[in-house]
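Here are some brief notes to read alongside the model. They start with the chain as a whole and then turn to one helix.

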Amino acid sequence: MSGHTPAKGGYRGAAWLSFLAVLVGFLYGFLAPVAGVMAMASSTMYGNVKQWGGTNHLVVPTGLLQEHFADGKNVEPAWAADAFGGGLIRVDSTTSSVMRRLAPAEATPLMIPFARDLLKGAGTPGRYFELYAARNYFGRDDDHESSALHNRGNDSVPAADAEELPYVEPAYELRRVLALARAKGERFTLRYTKVPWFGTPQSYAAYKGEQVVLEEDAATGKRSCTVGGVQCGDSEIALLPAPQWWLTKILHPYPLPILPGDVRDVHCST
């Protein structure tokens, strides 16, 4: 309605619709990514914005709820600490086909040569990660194979068989994908390390900490978890239940793949 003059008699009761549209747009476009309740499908995806662990935006912060509850002293309200707490983890390796499909979801071999040359010409390593498609087509293989990168007959490197790279993600996302792997009845091994909240790809890659090793057979219920060689406590991230149902419907974080030579920049992904 911007720039338009209402007809005689005003908007005849429809002004509240304009106000509602502006309010919803503002919440969706600005506050959701800043607060940390939306990542994929937010308005930040075309800017390759880093949404947790410190922002790369020139003006606003991101992931404020996750940042607040990354501090173990902040435990109230309990439901929010459960939803947004846990800090960041670096997935060092996993044998789970579900987890490997969802992250880092590298699609570089599927790119046409011109597209990759264009990325390299802009000064990037020319590697691409289809995190958005992998998540949103999960469980819909036919749709995934019909998507832009896969429908050219060049699907020579299935995601689960691609190069295994470490990646960093919020604890919430690890809990979410572990629930998916368990629902599939997978037998897998997972190794991960908790990393400081603020950091860069370079600092995350270099960080040395106690590694958590989870060995699990979801079909039989057998599970072994150690951290630094000692049995995990009940509060260990890998042993927590799936995140709250309502949050999984709106929050799908972008994991951050870590490549050799990474310094500060976030790799190209959707």
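1. Helices here are DSSP runs of H or I with at least four residues, strands are E runs of at least two, and both are numbered from the N terminus. On that basis the protein chain has 10 helices and seven strands. Keep in mind that this is a predicted model.

2. Overall dimensions. The C-alpha trace of the protein chain spans about 75 × 50 × 35 Å along its principal axes. The chain has 270 residues, and 41% of them count as buried.

3. Surface and charge. The protein chain has an accessible surface of about 14600 Å². Carbon and sulfur atoms account for 59% of that surface. There are 25 positive and 27 negative side chains. The centres of these two sets lie 5 Å apart.

4. Helix 1, geometry. This helix covers residues 15–35, 21 residues in total. From first C-alpha to last it reaches 28 Å, close to the 30 Å expected at 1.5 Å a residue. Where is helix 1 kinked? The kink is centred on Y28 and amounts to about 35 degrees.

5. Helix 1, packing. G29, A32, P33 and V34 are buried in this helix. What do the buried residues of helix 1 pack against? Their partner is helix 2, residues 64–70.

Notes
Residues are numbered from 1 along each chain as its sequence is written. This is a predicted model: local features need pLDDT of at least 70, side-chain atom pairs count only at pLDDT 80 or more; totals for chains, interfaces and linings use all residues. Side-chain values use heavy atoms; hydrogens and water are left out. Buried means under 20% relative accessible area, exposed over 50%, partly exposed in between (1.4 Å probe, protein chains only). Accessible areas come from the Shrake-Rupley method with a 1.4 Å probe; for residues, only the protein chains shown count as cover. Lys and Arg count as positive and Asp and Glu as negative; His and the chain ends are not counted. The place of a charge is taken as NZ of Lys, CZ of Arg, CG of Asp or CD of Glu. The expected span of a helix is 1.5 Å times one less than its number of residues. The bend at a residue is the angle between axes fitted to the seven residues ending there and the seven starting there. Contact means heavy atoms within 4.5 Å.
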